[in-house]
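Have a look at the sequence and the picture before reading on.

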Amino acid sequence: MAGKIILTVAQVEDRFEEAALTLKRTPNPSGSGARGYGSSWPPYVRSRFAAYGSEVARVRVIPNATEIQRMEDTIEWLSLLNSGDELRDADDRRIVWMKAEGYRWRAICARVGLSRSQAWRRWSAALITIQRRLEKPKRKADLKRGRGATLNAEGAPARSTLNAEGGQP
């Protein structure tokens with residue numbers, strides 16, 4: 001995120017939903033969770049009758065490196081919600097992430113202790129705040145040096161300002 005990113009609020013919302021889906025699809029190998037929730041029993045060995053076709057096969061699509069990088073970048077956007085009030089910022093981040101994961105407003109409101117209309121206002125204000133802060137360049141020193149490249153929705157440069165050798169035109 002060296003430069004500014006041009007996204008609409010709807011695209012920011014879509015990126016959060018994509019990040020939540022990518023996080024859900026990442027593998028969680030056994031032993032990577034909290035300690036103390038294991039079992040001392042050996043793994044269950046299925047019979048040949050249960051192993052072939054009696055249960056529905058589940059296909060798991062593992063995300064690729066690009067999707068994981070986009071997820072990590074999108075999760076970093078939650079740090080842009082910093083108004084100075086830590087409790088409000090934490091609630092706003094929780095509202096944005098729970099909505100991206102597909103929770104209903106009733107569950108979100110119960111979690112953060114707000115009415116539905118207030119939670120919706122905070123969610124939409126948080127998305128607008130993220131979108132506006134993404135439009136701003138990250139560092140002013142880069143703009144003075146001519147390094148403030150504009151990025152499109154995919155994170156790629158919108159237009160090239162460097163020649164083939166990597167220098168200024």
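Here is a short report on how this chain is put together.

## What kind of model this is

This is a predicted model, in which local features need pLDDT of at least 70 and side-chain atom pairs count only at pLDDT 80 or more, while totals for chains, interfaces and linings use all residues. Residues are numbered from 1 along each chain as its sequence is written, and side-chain values use heavy atoms, with hydrogens and water left out.

## The overall layout

The chain has 7 helices and 2 strands. Helices (H or I, at least four residues) and strands (E, at least two) are DSSP runs, numbered from the N terminus. Read from that end, the order is β-α-α-α-α-α-α-α-β.

Of the 169 residues, 25% are buried. Buried means under 20% relative accessible area, exposed means over 50%, and partly exposed is in between (1.4 Å probe, protein chains only). Now for contacts, meaning heavy atoms within 4.5 Å: among those between residues at least 6 apart in sequence, 68% join residues at least 24 apart.

## Helices that cross

Two packed helices are described by the angle between their axes and the distance between the axes. Axes here are lines fitted to C-alpha atoms, for helices over the stretch in contact, with angles running from 0 to 180 degrees between N-to-C directions.

Take α4 (residues 86-100) and α6 (residues 116-135): their axes come within 9 Å and cross at roughly 90°. That makes α4 roughly perpendicular to α6, a label for angles of 65 to 115 degrees. Among the residues that meet are Ile 95 and Val 96 from α4, and Trp 123 and Leu 127 from α6. By class, this α4 and α6 contact has 6 nonpolar, no polar and 5 charged residues. Ala, Val, Leu, Ile, Met, Phe, Trp, Tyr, Cys and Pro count as nonpolar, Asp, Glu, Lys and Arg as charged, and the others, Gly among them, as polar.

Helix α1 also packs on α6, with axes that come within 9 Å and cross at roughly 100°, so α1 is roughly perpendicular to α6 too. Residues in this contact include Val 12 and Phe 16 of α1, plus Ile 130 and Leu 134 of α6. The class count for α1 with α6 is 8 nonpolar, 1 polar and 1 charged.

## The nonpolar core

Which residues touch the most other members of the largest nonpolar core? Out of 26 residues, they are Val 12, Phe 16, Trp 77, Val 96, Ile 130 and Leu 134. Such a core is a set of buried Ala, Val, Leu, Ile, Met, Phe, Trp, Tyr and Cys residues joined through side-chain atoms within 4.5 Å. The largest share, 6 residues, comes from α6.

Definitions and conventions: Angles under 35 degrees count as roughly parallel, over 145 as roughly antiparallel, 65 to 115 as roughly perpendicular and the rest as oblique.
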